[in-house]
Amino acid sequence: MAGIFIQVKRVVCAASMLLLAFGVVATTAPADVPPTTYRTYFQDPGPNGAQDLSLENHAIALIDATPPGEQITFAFRDFNRSTVANALIRAHQRGVLVDGVFDGDERTRTVVRNLVAAIGPSRVVLCGTPTFTYNSCISDALLGDESLMHNKFLTFSALTDGRQHIVLQTSKNFLSPSQLSYYNDMVEIAGDVPLYDTYVDYLF
């Protein structure tokens, strides 16, 4: 048995030396650093095009689960859903920092105007303000299909369940009635700090 133990020890030592020689070091993440998690969600209207609110309800649940003092950011293209707007207003009223941007073509929608009025035009920006020569915030293309702010995402600095740095990227426009019966998807990434920071930096 002693001979076997010595042989195993030599193999382990040799393997360790080989790893060091090639610059490979096995590391373990600190116990206090949460892992990055990925979750996917799908909106399935079925063959008859039934309304499916699952993606919208999930976004609202995350907004409602954001504690005071944390931050929510968003970027929306087509938007008229008062359910989502009201959730963002509630978050603002309880002390969440809410910052967002809309495509400039949404400026005439009542829901968008109410959201801007409730949170403030310095925090919720309509692309192209004040002249609306352009609808996009970063493109210099003139008005029309060439000038769009086409992003559809939210970020959350932290949630009541303890997760932090959440990005919620979706193909869905929060627009009724059409988008409620389309096939759409949503990806939720939590704990990826560089990804989260990139999304937030986009707005500022």
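**Pro194 and the rest of the fold**

Me: Where is the place of Pro194?
Reply: Pro194 sits in helix H5. This is a predicted model, and every value here is computed from it.

Me: Pro194: buried or exposed?
Reply: Pro194 counts as exposed, because its relative accessibility is 58% and the cut-off for exposed is over 50%.

Me: What is the relative accessible area of His165?
Reply: It is 22%, so His165 is partly exposed.

Me: Step back a bit. How many helices and strands are there in the protein?
Reply: The protein has 5 helices and 7 strands. Read from the N terminus, the order is α-β-α-β-α-β-α-β-β-β-β-α.

Me: What share of the residues count as buried?
Reply: 40% of the 204 residues count as buried. As for contacts with a separation of 6 or more, 69% are between residues 24 or more positions apart.

Me: What pLDDT does the protein average?
Reply: The average is 82, and 78% of the residues score at least 70.

Me: Where is confidence lowest, and where is it highest?
Reply: Confidence is lowest in helix H1, residues 2–21, with a mean of 36. It is highest in strand S5, residues 153–158, at 98.

Me: Over which residues does pLDDT stay under 50?
Reply: Residues 1–29. For that stretch the model has 1 contact beyond four places in sequence.

Me: OK, the inside. How many residues has the largest nonpolar core?
Reply: It has 35 residues, and Leu88 and Leu154 have the most contacts inside it. Helix H3, residues 82–93, gives this core its largest share, 6 residues.

Me: What is Leu88 in contact with, leaving aside its neighbours within four places in sequence?
Reply: Its partners are Ile63, Ile72, Phe74, Phe76, Val98, Leu115, Ile119 and Leu154.

Me: Which residues does the second, separate core include?
Reply: Ala75, Cys127, Tyr196 and Val200 are among them, in a core of 10 residues.

Me: Which residues are buried in helix H2?
Reply: In H2, residues 54–64, the buried ones are Leu55, Glu56, His58, Ala59, Ile60, Leu62 and Ile63.

Me: Which element gives the most to the lining of the largest pocket?
Reply: Strand S3 does, with 3 residues. S3 (97–102) and helix H5 (193–203) each supply at least two.

Me: What has the lining of the largest pocket by class?
Reply: It has 7 nonpolar, 2 polar and 2 charged residues.

Me: Loops now. Which peptide bond is cis?
Reply: The bond from Thr129 to Pro130 is cis, with omega near 0 degrees. Pro130 is in the loop between S4 and S5.

Me: Where is the place of Asn151?
Reply: Asn151 is in the loop between strand S4 (124–126) and S5. It is partly exposed, as its relative accessible area is 26%.

Me: What is Asn151 in contact with, leaving aside its neighbours within four places in sequence?
Reply: Ala75, Phe76, Arg77 and Tyr202. The C-alpha atoms of Asn151 and Asp103 are separated by 8.7 Å, and these residues are 48 apart along the chain.

Me: Last one. Where is Tyr182 found?
Reply: Tyr182 lies in the loop between S6 and S7. Its relative accessibility is 41%, so Tyr182 counts as partly exposed.

Me: What is Tyr182 in contact with, leaving aside its neighbours within four places in sequence?
Reply: Gln43 and Pro45. Tyr182 is also 8.3 Å from Asp52, C-alpha to C-alpha, although the two are 130 residues apart in sequence.

Conventions
Residues numbered from 1 in each chain as written. Predicted model: local features only at pLDDT ≥ 70, side-chain atom pairs only at ≥ 80, totals over all residues. Heavy atoms only, no water. Helix = DSSP H or I, 4+ residues; strand = E, 2+ residues; numbered from the N terminus. Nonpolar A, V, L, I, M, F, W, Y, C, P; charged D, E, K, R; others polar. pLDDT = per-residue confidence, 0-100. Contact = heavy atoms within 4.5 Å. Core = buried A, V, L, I, M, F, W, Y, C linked by side-chain atoms within 4.5 Å. Buried < 20%, exposed > 50% of the residue type's maximum accessible area, 1.4 Å probe, protein only.
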